[in-house]
Amino acid sequence: MKYCIIDDEPIAHRIIEGYCKNLPYLQKKGNCYDAFEAIQFMNSIQVDLIFLDINMPKLSGFDLLKTLSQPPKVIVTSAHKEFALQGYELDVIDYLLKPFSLERFLKAMNKVSENNSLNQISSPDSQKSSFFLKGDKKIHQISTDDILFVEAYGNYSKVFLTEEIIVNHEKISSLEALLPDSDFLRVHKSFIVAINKIKVIEGNRIAIKEHFVPIGQTYRQRLKHLYRI
């Protein structure tokens, strides 16, 4: 994904560039320090995503957006929260309030990925959805098709994949919100399973490969739509 940073503060460019380096699929195409420079840049080079400041000399970031007939995806980066409503009226993907953390940046990028998925034509060959998680001092891109199940781990969670286990910094409730309801099911207060990875449901547990996941009593009703009695 090609991106450009539009901000009149050089330090903001450095921070965003540093965060973007954690995501190998991002490719920087340019740095612009005012709106007029950005207009000239985007007339010559096409990008998929811009990180856009609001308060800039001569022309604001929102005024810049209004000049674009087909704007790319936009993540606003601003120190002024009072412009947030106007930003969403202009269909920005997310509004990051400076200073923002790496974790908050990753959530914004997950929204970009979700937006890409919504814009894709649904077909058996469509790209699998994915999201980013911080774990083991690395940023992992997780394909939902690789997930076997998720286990709560205190204030963290364990994501069991086909080839590895990632301990990450998100609570299980946050991961539940990220995962599509059509493909994943909460079966216990501490477990979410991938429906298509279920091998056997036996008594109060579910077999997934060599693992056994318990079924919580209050969650049993949710399993009934998976089978006919």
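**Figure 1. Helices and strands of the protein chain.** The secondary structure of this predicted model comes to six helices and 15 strands; helices (H or I, at least four residues) and strands (E, at least two) are DSSP runs, numbered from the N terminus. Along its principal axes, the C-alpha trace spans about 70 × 35 × 30 Å. The protein chain has 229 residues, of which 43% count as buried. Buried means under 20% relative accessible area, exposed means over 50%, and partly exposed lies in between (1.4 Å probe, protein chains only). Among contacts with a separation of 6 or more, 48% are between residues 24 or more positions apart; contact means heavy atoms within 4.5 Å. Residues are numbered from 1 along each chain as its sequence is written, and side-chain values use heavy atoms, with hydrogens and water left out. Since the model is predicted, local features need pLDDT of at least 70 and side-chain atom pairs count only at pLDDT 80 or more, while totals for chains, interfaces and linings use all residues.

**Figure 2. Salt bridges of K98.** A search of the whole structure finds nine salt bridges, each being a side-chain nitrogen of Lys or Arg within 4 Å of a carboxyl oxygen of Asp or Glu. One of them pairs K98 with D7, with the closest N and O atoms 2.7 Å apart. K98 lies in the loop between β5 (94-97) and α5 (102-119), and D7 in the loop between β1 (2-6) and α1 (10-20), so this pair ties together parts that are 91 residues apart in sequence. D7 is buried, at a relative accessible area of 0%. K98 also forms a salt bridge with E9, where the closest N and O atoms are 3.8 Å apart. E9 is in the loop between β1 and α1 and K98 in the loop between β5 and α5, so the parts tied together here are 89 residues apart in sequence. E9 is partly exposed, with a relative accessible area of 38%.

Figure 3. The closest N and O atoms of K111 and D94 are 3.4 Å apart. K111 lies in helix α5 and D94 in strand β5, so the pair ties together parts that are 17 residues apart in sequence. K111 counts as partly exposed at 34% relative accessibility, whereas D94 counts as buried at 0%. Salt bridges that share partners also join D7, E9, D53 and K98 into one network.

Figure 4. E170 lies in the loop between β10 (165-168) and α6 (172-178). E170 is buried yet has no salt bridge, and the nearest side chain of opposite charge, K107, is 4.6 Å away. For charge, Lys and Arg count as positive and Asp and Glu as negative; His and the chain ends are not counted. Leaving aside neighbours within four places in sequence, E170 is in contact with K107, L133, N155, Y156, S157 and L175.

**Figure 5. Surroundings of T144.** The loop between β7 (138-143) and β8 (147-153) holds T144. T144 is buried, with a relative accessible area of 11%. Apart from neighbours within four places in sequence, T144 is in contact with S129, F131, L179, P180 and F184.

**Figure 6. The second largest pocket.** This pocket has a volume of about 250 Å³. On a 1 Å grid over the protein atoms alone, a cavity is a set of points where a 1.4 Å probe fits but cannot get out, and a pocket is an open set with protein on both sides within 12 Å along at least five of seven lines; lining residues have an atom within 4 Å of a point. Grid points are joined across faces, edges and corners, and a volume is the space filled by probe spheres set on the points. The lining consists of M42, N43, Q46, V47, D48, L68, S69, Q70, P71, P72 and K73. By class, five of these residues are nonpolar, four polar and two charged. Ala, Val, Leu, Ile, Met, Phe, Trp, Tyr, Cys and Pro count as nonpolar, Asp, Glu, Lys and Arg as charged, and the others, Gly among them, as polar.

**Figure 7. Backbone details.** Most residues other than glycine have a negative phi, and most peptide bonds are trans. A cis peptide bond joins K98 and P99, with omega about -10 degrees. P99 is in the loop between β5 and α5. K58 is not a glycine but has a positive phi of about 75 degrees. K58 is found in the loop between β3 (49-52) and α3 (61-67) and is exposed, with a relative accessible area of 77%.
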